[in-house]
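User: Got a chain here that I'd like to go through with you. Can we start with the overall picture and then pick at details?

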Amino acid sequence: MIRAYLLGILCLLGGALFLMSSGLTTQSAPLPAIPQKLSDYAFFAGEMAAQKPVAGVIPYALNTPLFSDYAEKLRFVKLPAGQAAPYNAKEVLDFPVGTTIIKTFYYHKDARKPEKGRQLMETRLLIHEEKGWKALAYHWNDEQTEAYLEVAGGRKKVAWVNEQGKKQKLEYSFPNLNQCKGCHSYEGDLKPIGPSVRQLNGDHAYETGTHNQLAYWEENGWLQGLPDQDVPRMAVWNDPATGSLDERARAWLDINCAHCHRAEGPAYTSGFFLDIHQTDPTTWGVRKAPVAAGRGSGGRTYDIEPGNADASILYFRIISEDPGIMMPEVGRQVVHKEGVALIREWINQLSVD
């Protein structure tokens with residue numbers, strides 16, 4: 001009994017130390033410097049659930065977004081007044097200190113009829129402070145009137161009807177703040193994943209009409225240095241009109257895998273890099289043996305066996321739902337069936353010259 005009591009005390013102390021190191025406290029002892037409600041930031045006008053941004057909060061979209069258990073996402077960014085992000089053809093934009101990136105996860109009640117409404121799950125913030133980026137998560141209440149700060153993660157049941165008219169349900173997983181660092185890690189620091197020039201180089205419907213996002217940002221003073229030509233564009237993974245099979249498969253791998261599997265990411269020791277900039281097929285897995293085998297290899301020899309998806313470790317791991325095998329490790333519970341079908345088709349047509 002005494003041992004159990006001591007273990008309980010240690011757990012409480014450990015939790016307190018985590019909260020203090022994160023600059024957070026529990027809801028029972030809030031830290032005034034960190035808003036406890038999403039509405040405290042005043043990002044949205046009118047009813048919160050409508051997600052109508054106020055002036056200065058910019059909606060945006062990515063050409064190929066990260067898969068998150070079929071959740072849809074609303075994306076916004078708020079830049080400090082009078083400041084802009086400098087153009088960068090390769091990496092995620094270097095947003096100035098004072099920027100907040102806002103992402104709301106939701107499910108349509110019926111994806112065939114969006115007018116039937118949606119269920120907002122959480123809104124995640126990345127806030128650029130002087131000492132670096134800070135992640136915060138706000139979970140929406142059942143009434144869809146407010147979202148509250150939460151640091152410990154959690155689960156919540158959600159059901160919807162997909163575009164094929166089939167009823168779907170799962171327990172939505174809210175990551176804790178330490179898990180945020182698992183994906184948003186770049187050279188050991190917390191950083192955004194999605195909003196790069198190639199991902200933003202596409203049209204978006206604004207209140208003033210449909211515009212190319214990069215051109216619109218430059219016109220409004222949110223982006224500086226946009227060249228007149230040779231601006232990279234990421235293919236849309238499920239739209240053949242935007243790129244070849246190779247370009248679309250590489251786009252899917254880049255956003256879903258390369259935040260870890262790149263030279264600057266947490267999986268750098270694997271030597272298996274899936275970012276869009278890799279040009280050597282061996283580097284992104286073709287006939288490359290894994291650094292560490294074990295159960296995650298499924299008895300397969302190479303990360304990618306050209307012409308044979310079933311013999312490829314990459315394919316084996318992205319179709320798995322086993323927590324000890326599946327990739328990505330965080331951010332999904334179910335298989336992205338359409339995405340893995342794309343990767344299967346891509347691997348099966350690969351050949352070694």
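User: How much of the chain is buried?
Analyst: Buried residues make up 46% of its 353 residues. Buried means under 20% relative accessible area, exposed means over 50%, and partly exposed is in between (1.4 Å probe, protein chains only). This is a predicted model: local features need pLDDT of at least 70, side-chain atom pairs count only at pLDDT 80 or more, and totals for chains, interfaces and linings use all residues. Residues are numbered from 1 along each chain as its sequence is written, and side-chain values use heavy atoms, with hydrogens and water left out.

User: And what's the accessible surface?
Analyst: About 18,100 Å². Carbon and sulfur atoms account for 52% of that. The areas come from the Shrake-Rupley method with a 1.4 Å probe; for residues, only the protein chains shown count as cover.

User: How many helices and strands?
Analyst: Seven helices and 16 strands. Both are DSSP runs numbered from the N terminus: helices are H or I with at least four residues, strands are E with at least two.

User: What share of contacts joins residues at least 24 apart?
Analyst: 53%, among contacts between residues at least 6 apart in sequence. Contact means heavy atoms within 4.5 Å.

User: Let's look at helix 5. How many of its residues are buried?
Analyst: 11 of its 13 residues, so helix 5 is mostly covered. Among them are Arg248, Arg250, Trp252 and Asp254.

User: What do they pack against?
Analyst: Helix 3 (197-200), helix 6 and helix 7 (337-349).

User: What span should helix 5 have, and how far apart are its ends?
Analyst: At 1.5 Å a residue, its 13 residues should span 18 Å. Its end C-alpha atoms are 18 Å apart, which agrees. The expected span is 1.5 Å times one less than the number of residues.

User: Where is His259?
Analyst: His259 lies in the loop between helix 5 (245-257) and helix 6 (313-318). His259 counts as buried because its relative accessibility is 10%.

User: What does its side chain reach?
Analyst: The His259 side chain reaches the backbone oxygen of Ile255 at 3.4 Å. That is a polar contact: a pair of N or O atoms within 3.5 Å, where, within protein, one must be able to donate a hydrogen and the other to accept it, and residues adjacent in sequence count only if both atoms are side-chain atoms. Ile255 is itself one of the buried residues of helix 5.

User: New topic. How many salt bridges?
Analyst: The structure holds 11. A salt bridge is a side-chain nitrogen of Lys or Arg within 4 Å of a carboxyl oxygen of Asp or Glu.

User: What does Arg262 pair with?
Analyst: Glu91, with the closest N and O atoms 3.0 Å apart. Arg262 lies in the loop between helix 5 and helix 6, and Glu91 in the loop between strand 5 (85-86) and strand 6 (100-108), so the pair ties together parts that are 171 residues apart in sequence.

User: Are those two buried or exposed?
Analyst: Both Arg262 and Glu91 are buried.

User: What about Lys116?
Analyst: Lys116 forms a salt bridge with Asp110, the closest N and O atoms being 4.0 Å apart. Lys116 is partly exposed at 47% relative accessibility. Asp110 is buried at 4%.

User: Which residues are joined into one network?
Analyst: Glu91, Arg262 and Glu264, through salt bridges that share partners.

User: Switching to strands. How do strand 10 and strand 11 pair?
Analyst: Strand 10 (residues 154-161) and strand 11 (residues 167-174) pair in the antiparallel sense over eight bridges. Two strands pair if DSSP finds at least two bridges between them. Lys157 stands opposite Glu171 in strand 11.

User: What's in the turn?
Analyst: The two strands form a hairpin with five residues between them. Gly165 in that turn has a positive phi of about 80°.

User: Which residues other than glycine have a positive phi?
Analyst: Gln51 is one of them, at about 55°. Gln51 is in the loop between strand 1 (44-45) and strand 2 (52-53), and is buried at 4% relative accessibility. Asp69 is another, with phi near 55°. Asp69 sits in the loop between strand 3 (57-60) and strand 4 (72-78), and is buried with a relative accessible area of 4%.

User: Last one. Where is there a cis peptide bond?
Analyst: From Met327 to Pro328, with omega near -5°. Pro328 is in the loop between helix 6 and helix 7.
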